[in-house]
Amino acid sequence: MGVRGIGMPRLVAEIELGLGAFEKVGAIAGVHLDSLADDKPHAPADPAMSPQPVAVPSVPRAGRFADFGVRKPARTARTITPRNRAGPATFLPLQLGEKHMADQEFTDAIALLKADHRKVEELFASYEKARGDGRKQSLAGEICTELKIHTMIEEEVFYPAFRGKIEDDILDEAYVEHDGAKVLINDIEAGGPDEDYYDAKVKVLQEQIEHHVQEEEKPSEGMFAQCRESEVDLVALRDAMLARKQELMTKAEAGELPPAKPSVVDLAPA
Ligand SMILES: [Fe+2]
Ligand SMILES: [Fe+2]
């Protein structure tokens, strides 16, 4: 499939527009884009107010944006169109494994994160019904990949944008809850359904994520509700997270997504 209905000159113009918008959003979110490309931790605007976010693998700066429909145009949907700040953007996600995700519309950053939550809930529900080690391993792998990408875009882009604008406690607890989940995510990815405790680990991960999602989505006093009350540009944040998510999904497709890295919890050596 080619780049859908977009001539190359227009595509190039859109990519250039996207690059500028991404850098602007980086400033809004307190994320330093050079640190994204240099494997440095992604410090928020005021490092004293936040724990150290995760380090992410190095990606050549030019290559990040060249990926959006240019370098491999024959592959499916690696395009963000159109870049209309006033209205919803259409995000055509990459396929992971054999599964195509339907086209989705995300009106803002919170809509994007909620869609991620719903997808992981569906995957956990499928795992509960799954029979056979192959099916279980496939679903558990997909759950872990989705959660690794989701926690990264939240910690690199979303959470830092709200430091100082919503309750500190709710942000701090979110980082710690992520780190707790990452321990199980890495363990599940390294293991297999033929091992003892595998189903139990997936079940406990599900329970941890359900609690965390509730904390984020709780009406009125939850994290997202507080974020909506702030003046942070949720559409700009959506664009920044979509760009980073595309990049991470490309890595996942290539089998290059590293294990999840705890951000604030020190793991005592065994
Ligand atoms: Fe989330
Ligand atoms: Fe989260």
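Helix α9 is followed by Gly255, whose phi is positive, near 70°; helices here are DSSP runs of H or I with at least four residues, strands are runs of E with at least two, and both are numbered from the N terminus. The model is predicted, so that local features require a pLDDT of at least 70 and side-chain atom pairs a pLDDT of 80 or more, whereas totals for chains, interfaces and linings use all residues. Residues are numbered from 1 along each chain as its sequence is written, and chains are lettered from A and ligands numbered from 1 in the order in which they are written.

Helix α9 itself has 20 residues and reaches 28 Å from its first C-alpha to its last, close to the expected 28 Å, the expectation being 1.5 Å times one less than the number of residues. Of these 20 residues, 16 are buried. A residue is termed buried if 20 or more other C-beta atoms lie within 10 Å of its own, exposed if 12 or fewer do, and partly exposed in between, with C-beta atoms placed from the backbone. Ala243 belongs to α9 (residues 234–253) and counts as buried because 23 other C-beta atoms lie within 10 Å. Its C-alpha atom is separated by 9.6 Å from that of Ile153, a residue 90 positions away along the chain.

The protein as a whole comprises 9 helices and 3 strands, in the order α-α-α-β-β-β-α-α-α-α-α-α from the N terminus. Of its 270 residues, 32% count as buried. Among contacts with a separation of 6 or more, 67% join residues 24 or more positions apart, a contact being a pair of C-beta atoms, placed from the backbone, within 7 Å.

In soluble globular proteins, nonpolar side chains tend to be buried together. A nonpolar core is defined as a set of buried Ala, Val, Leu, Ile, Met, Phe, Trp, Tyr and Cys residues joined through C-beta atoms within 7 Å. The largest such core has 29 residues, of which Ala109, Val157, Phe158, Leu237 and Met241 touch the most other members. At least two residues of this core come from each of α4 (109–129), α5 (133–162), α6 (168–190), α8 (223–229) and α9, and α9 gives the most, with 9 residues. Beyond its neighbours within four places in sequence, Ala109 is in contact with Phe158, Leu234, Leu237, Arg238 and Met241. A second, separate core of 15 residues includes Val120, Cys144, Ile188 and Val202.

Val202 is located in helix α7 (residues 198–217) and is buried because 21 other C-beta atoms lie within 10 Å. Apart from neighbours within four places in sequence, Val202 is in contact with Tyr127, Ala140 and Ile188. Val202 and Lys136, 66 residues apart in sequence, lie 9.8 Å apart, C-alpha to C-alpha.

Helix α5 has 30 residues and spans 41 Å from its first C-alpha to its last, close to the expected 44 Å. A bend of about 45° occurs in α5 at Glu155, taken as the angle between axes fitted to the seven residues ending there and the seven starting there. Helix α5 is mostly covered, with 21 of its 30 residues buried. Just after α5, Gly164 adopts a positive phi of about 90°.

Positive phi values also occur in residues other than glycine. Tyr197, in the loop between α6 and α7, has a phi near 70° and is exposed because it has 12 C-beta neighbours inside 10 Å. Ser220, in the loop between α7 and α8, has a positive phi of about 70° and is exposed, with 7 other C-beta atoms within 10 Å.

Key:
Contact = placed C-beta atoms within 7 Å.
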